[in-house]
Amino acid sequence: MPRELSSEPRSLLSRLITLTAILVPFAGVILAATSAWGAGFQWVELGLLLGMYVVTVLGITIGFHRLFVHRSFETHRWMKVLWVILGSMAVQGSLFHWAARHRRHHQHADTPEDPHSPQYGGDGMGGFCKGFWHAHIGWLFAPNPPRLERYIKDLTSSRTLQVTSNLFFLWVLIGLLIPALIGGALNQSWSGFWAGFLWGGLVRIFLVHHVTWSVNSACHLWGRQTFKSDDESRNNFLFGMLALGEGWHNTHHAFPTSARHGLRWWEFDASYCVIRTMELVGFAWNVQIPSREMQMKKRRVQRQSDELAV
């Protein structure tokens, strides 16, 4: 069993690594803002920030989440390796750890066994804030639930995924070096290297963290419940956009294996657009989408059927 899946209390070293992964990007935001105040913000830095943000968020949304956790589509082995690498660059833990915790979340969504539900902080504003904090960040420091490894036997049986997942820290390092090297090369200076490291590396990680963690917290508190589900998941427009489709969270909980989370025409799902493109060029197949009949059966209000995806 991978040590990271042990249900023993987190070691001091493990907690320090987690705390570092949270605080260092925050420090990077402060440094980047200070640098921009004095030297300005260049198009190169913006391009590196947005480019690295998109590819690493897609690594989580398409790779870790829809491909490996929910098996929403199938793809080639080399594409699986690529998605593991991109998801690891988001610095949210290895594939095995991420997938195991997320599968448990779906099994026990918004119950006391859910690893990151915001519903059990207590009464009043203090309880609300405590629940939000736990769902957003606090759960990262909690011990793993017992026998977490049983959730990912299909993944750990693959030698390719074992090797790629175990190289998590290497992929994190490469994800920091890529924007730094590009920034240095484009600006032909060490200042460009440093700016690329800050904006495409640390600032990007900070944004990726808090946008994707908001799916755990905000999307179980605020938004619309379009479909029937046994939890408090919500469709949240803001994080539907920022998290590249993951914010249509109620739809996802109603249809967990669907490769498409934004099922209505105005619910833009950038991650599905990429999956659909992969399908068109032969890089994805067995793409799962709920039928119109399945969508109608789970709708909370039986109206506006023309909005549903076919």
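Predicted model: local features only at pLDDT ≥ 70, side-chain atom pairs only at ≥ 80, totals over all residues.
Two packed helices are described by the angle between their axes and the distance between the axes. In this model, helix α2 spans residues 43–69 and helix α9 spans residues 190–216. The two pack at an angle of about 40°, and their axes are 8 Å apart. That angle makes α2 oblique to α9, because angles under 35 degrees would count as roughly parallel and those of 65 to 115 as roughly perpendicular. The crossing of the two helices, α2 and α9, is right-handed.

On the α2 side, the contact is made by E45, L48, L49, M52, Y53, T56 and V57. These meet A195, G196, W199, G200, V203, R204, L207, V208 and V211 of α9. By residue class, the contact of α2 with α9 consists of eleven nonpolar, three polar and two charged residues.

Helix α2 also takes part in the lining of the second largest pocket, to which it supplies at least two residues. This pocket has a volume of about 280 Å³ and is lined by 14 residues. Of these, R71, E74, K80, L155 and L161 lie nearest the centre of the pocket. Besides α2, the helices α3 (77–88), α6 (153–156) and α7 (159–166) each supply at least two lining residues. The most comes from α3, which gives three residues to the lining. The lining of the second largest pocket divides into six nonpolar, three polar and five charged residues.

Technical notes:
Residues numbered from 1 in each chain as written. Heavy atoms only, no water. Axes fitted to C-alpha atoms, helices over the stretch in contact; angles between N-to-C directions. Helix = DSSP H or I, 4+ residues; strand = E, 2+ residues; numbered from the N terminus. Parallel < 35°, antiparallel > 145°, perpendicular 65-115°, else oblique. Left-handed = near helix turned anticlockwise from the far one by under 90°. Contact = heavy atoms within 4.5 Å. Nonpolar A, V, L, I, M, F, W, Y, C, P; charged D, E, K, R; others polar. 1 Å grid on protein atoms, 1.4 Å probe; cavity = no way out; pocket = protein on both sides within 12 Å on 5 of 7 lines; lining within 4 Å. Points joined across faces, edges and corners; volume = space filled by probe spheres on them.
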